[in-house]
Amino acid sequence: MTANDPSHDPEWVAYRHPQPAESPPEIIVPDAIPADDRVWVPVGNRVWFRPLCLSASRGYWVNLLKVQSAGVLSRHRHPQPVHGYVLKGRWRYLEHDWVATEGGYVYEAPGETHTLVVDTGVPEMITMFQVNGAMIYVDPDGAVTGFDDVFTRIDKCRRHYASNGLGAAYVDRFIR
Ligand code: FE
């Protein structure tokens, strides 16, 4: 027994009972930034997302957004909060004077309408977003031009994976 082996800690004991029957299985994604580029679902000119958790039962999704072109990504309104964590590069909203930079965390409040842009000189941006409810796409006056929710995201994944050899069912592992 060595003093620095933590498995000898008397607290190093697993919970002894079954998990609740209704609790869905966990999702483990060893390569959140995927080794296989086919996992990235294209959603624009050099813009992709990759799903991590598609919560159909709770109406939210967690994904990585990847952008390799400068410009406007989208103008959108959030009916519910969003949490973001920047893994690479930087981005900002035209409506605010802050910049989301690598390693940073962003909370986006319900009711916010903003325009996501990536500036020239950023070769690649990757951000993890947890988006609740929907993204409502709008024009500069707030008129609705479209939306995304967890179901449109599932649909985009399914169609992309069906067409690129991963198979439509590849998305199922992310759905809860
Ligand atoms: Fe947003």
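I take a contact to mean heavy atoms within 4.5 Å. With that in hand, I looked at the contacts in the chain between residues at least 6 apart in sequence, and found that 61% of these join residues at least 24 apart.

Before going further I noted that this is a predicted model, in which local features need pLDDT of at least 70 and side-chain atom pairs count only at pLDDT 80 or more, while totals for chains, interfaces and linings use all residues. Residues are numbered from 1 along each chain as its sequence is written, and side-chain values use heavy atoms, with hydrogens and water left out.

**Overall**

I looked up the secondary structure, where helices (H or I, at least four residues) and strands (E, at least two) are DSSP runs numbered from the N terminus. The chain has 1 helix and 12 strands, and along the sequence the pattern reads β-β-β-β-β-β-β-β-β-β-β-β-α. The C-alpha trace spans about 65 × 35 × 30 Å along its principal axes.

For burial I used relative accessible area, with buried under 20%, exposed over 50% and partly exposed in between (1.4 Å probe, protein chains only). On that scale 38% of the 176 residues of the chain are buried. The accessible surface, by the Shrake-Rupley method with a 1.4 Å probe and, for residues, only the protein chains shown as cover, is about 10,200 Å² for the chain, and 54% of that belongs to carbon and sulfur atoms.

**Sheet with strands 1-2-3-10-5-8**

I count two strands as paired if DSSP finds at least two bridges between them. In this open sheet of 6 strands the order is 1-2-3-10-5-8 and the pairing is antiparallel. Strand 1 and strand 8 are the edges, since each has a single partner strand, so one side of each has no neighbour in the sheet. For angles I used lines fitted to C-alpha atoms as axes (for helices over the stretch in contact), with values from 0 to 180 degrees between N-to-C directions. Neighbouring strands of this sheet are turned by 25° against each other on average, direction ignored.

I then followed strand 5 to its partners. Strand 5 runs antiparallel to strand 8, with 4 bridges joining them, and here Gly84 stands opposite Val106 in strand 8. Helix 1 packs on this sheet, where it touches strand 1, strand 2 and strand 3 (60-67), and its direction makes about 115° with that of strand 2. Strand 5 also pairs with strand 10 (residues 125-132) in the antiparallel sense over 6 bridges, and Val86 stands opposite Thr127 in strand 10.

**Sheet with strands 7-6-9-4-11-12**

The other entry is an open sheet of 6 strands in the order 7-6-9-4-11-12, with antiparallel pairing. Strand 7 (99-101) and strand 12 (144-149) each have a single partner strand and stand at the edges, so one side of each is left without a neighbour in the sheet. From one strand to the next the twist averages 30°. Helix 1 (residues 150-163) packs on this sheet as well, touching strand 11 (134-138) and strand 12, and its direction makes about 75° with that of strand 12.

Strand 9 (residues 113-118) pairs with strand 6 (residues 90-93) over 2 bridges in the antiparallel sense, and Tyr93 stands opposite Leu116 in strand 9. Strand 9 pairs with strand 4 (residues 71-77) too, in the antiparallel sense over 6 bridges, with Arg77 opposite Thr113. Strand 4 is in turn joined to strand 11 by 2 bridges, the two running antiparallel, and His76 stands opposite Tyr137 in strand 11.

**Surface patch and a backbone angle**

I searched for patches made of residues with over 30% relative accessible area and no salt bridge, joining like charges within 9 Å and nonpolar side chains (Val, Leu, Ile, Met, Phe, Trp, Tyr) within 5 Å; a salt bridge is a side-chain nitrogen of Lys or Arg within 4 Å of a carboxyl oxygen of Asp or Glu. Ile33, Tyr85, Leu87, Tyr105, Tyr107 and Met128 form a nonpolar patch on the surface, with about 590 Å² of accessible area together. Strand 5 (82-88) and strand 8 (105-108) each supply at least two of its residues. Tyr85 lies in strand 5 and counts as partly exposed because its relative accessibility is 39%.

Most residues other than glycine have a negative phi. Arg46, although not a glycine, has a positive phi of about 55°. I found Arg46 in the loop between strand 1 (41-44) and strand 2 (47-55), partly exposed with a relative accessible area of 42%.
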